[in-house]
Amino acid sequence: MKLRFLMVLLLVGCGSSDPVDPQGPPDPQELEKQADDARILFDEIFKAAEYERIPEVRAALKAVYDQDSSVNDGDVAMLLGVTYLWNTAEWERDPSRGTEARRQEVLKGEEYLTRAKELRPTDGRVYCWLGIMKAFRSQVELNLALYQESIDLIDQGIELFPQFSHLVVAFVKSGWAANSTEFAGAIEHIWKNVDVCIEGAIDRQNPDFTQYMHLMSNTGGQRRACWSSDLVPHNLEGFWFHMGDLLVKNNQPDLAVTAYENAKLLPTYSTWTYAEEMETRQTNAHENAAKYRDSDTKNDPPLLPQTTFQCTVCHQK
Ligand code: HEC
């Protein structure tokens, strides 16, 4: 009796309807379809900011990755790594998980993003994401060598994809003290990001973006990363939010007010979930700048990279 039952189970397990055939190599077409479905699920969950569904999309990506890590030119490896990036970046959504759990997540993410970098050696974004992971780990492990590795990776990202990567340096360097060289680097890179996007030099005493908005019609090639788009619905709004915050910390609240104001030029501004949050920061810009200058570091307002919406600020639809 027992044996027959087992045989039936085995037969069911080997049925041709099972997409994962343990006996042979995966069918490439079937695998690509699975990969496409996983990517669609990722886009859906990310744009809906459904952080709690990360395990679900991760399982879908991992099921493909385990059959062939190079599928879709490394797109799956990249997205799988990014699920760890998103999870660890917005970790404070569920702080009960603790620091060690976060470190383990960072290590996993590094593993997949390292594989993605092998598979996509000209994709500057992968260098940046791996760089952010290393920066996260450098904070947890208090390891400056890792921080330097992070910066070196992002520098390579800048070579490949400056429109995207300057912002990432500004992210990683933003947490240093306002009077440090590293923080000055964050400020320099955020200005450079604007400059590469307008292919010129913005007035650093008056960064009003109105006169550049017409460039939005030219999103060819890597310029796409300069604007909000279907891929990143509120990219530029998130950019100005971040830049405004940095200028506040840099004790330039008037310039920050202009930077925040620029977000309102976007046609997508009215549907942006984080508009109110940004406007509060805009209203409090002078007060917040003073908080960075007083001796109490505990009252420093959190910058965008210290929030639980540091990814969804640009990606939530
Ligand atoms: C300032 C806005 C901004 C923030 C904040 C931001 N991103 Fe992005 N993200 C972008 C841009 C711009 C691109 C598109 C680059 C391109 O065109 O290839 C992008 C691309 C992506 C993609 C690739 C999308 C795809 O389908 O190919 C993923 C995944 C992603 N970001 C994840 C994240 C995560 C995780 C975070 C938080 C750590 C984050 N992003 C924070 C602007 C942002």
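**H11 and H13.** I looked up how helix H11 (residues 253-263) lies against helix H13 (residues 285-293) in this predicted model, and found an angle of about 130° with the axes 9 Å apart; the two helices are therefore oblique to each other. For the terms, angles under 35 degrees count as roughly parallel, over 145 as roughly antiparallel, 65 to 115 as roughly perpendicular and the rest as oblique, while the axes are lines fitted to C-alpha atoms, for helices over the stretch in contact, with angles running from 0 to 180 degrees between N-to-C directions. Helices are DSSP runs (H or I, at least four residues), numbered from the N terminus. I noted the crossing of H11 and H13 as right-handed, where right-handed means that the near helix is turned clockwise from the far one by less than a right angle, and left-handed anticlockwise. Pro253, Asp254 and Val257 of H11 meet Ala285, His286 and Ala289 of H13, contact being heavy atoms within 4.5 Å. I sorted these residues into four nonpolar, one polar and one charged, with Ala, Val, Leu, Ile, Met, Phe, Trp, Tyr, Cys and Pro as nonpolar, Asp, Glu, Lys and Arg as charged, and the others, Gly among them, as polar.

**Basis.** Residues are numbered from 1 along each chain as its sequence is written, and side-chain values use heavy atoms, without hydrogens and water. In this predicted model, local features need pLDDT of at least 70 and side-chain atom pairs count only at pLDDT 80 or more, whereas totals for chains, interfaces and linings use all residues.

**H9 and H10.** I then took helix H9 (residues 181-198) with helix H10 (residues 235-249), which pack at an angle of about 145° with axes 10 Å apart, in a left-handed crossing. On the H9 side I listed, among others, Phe183, Ile187 and Trp191, and on the H10 side residues including Phe239, Met243 and Lys249. The contact holds eleven nonpolar, two polar and one charged residue.

**Positive phi.** I checked Ala49, in the loop between helix H2 (28-47) and helix H3 (54-67), and found phi near 55°, positive in a residue other than glycine. Ala49 is buried at 13% relative accessible area (buried is under 20%, exposed over 50%, partly exposed in between, with a 1.4 Å probe and protein chains only). Asn251, in the loop between H10 and H11, also has a positive phi, about 60°, and is partly exposed at 40%.

**Iron.** Last, I looked up the iron atom of the ligand, whose single protein donor is His315 (NE2), 2.1 Å away; donors are N, O and S atoms within 2.8 Å of the metal (3.2 Å for Na, K and Ca), and water is not among the atoms, so the site may look incomplete. His315 is in helix H14 (residues 312-315).
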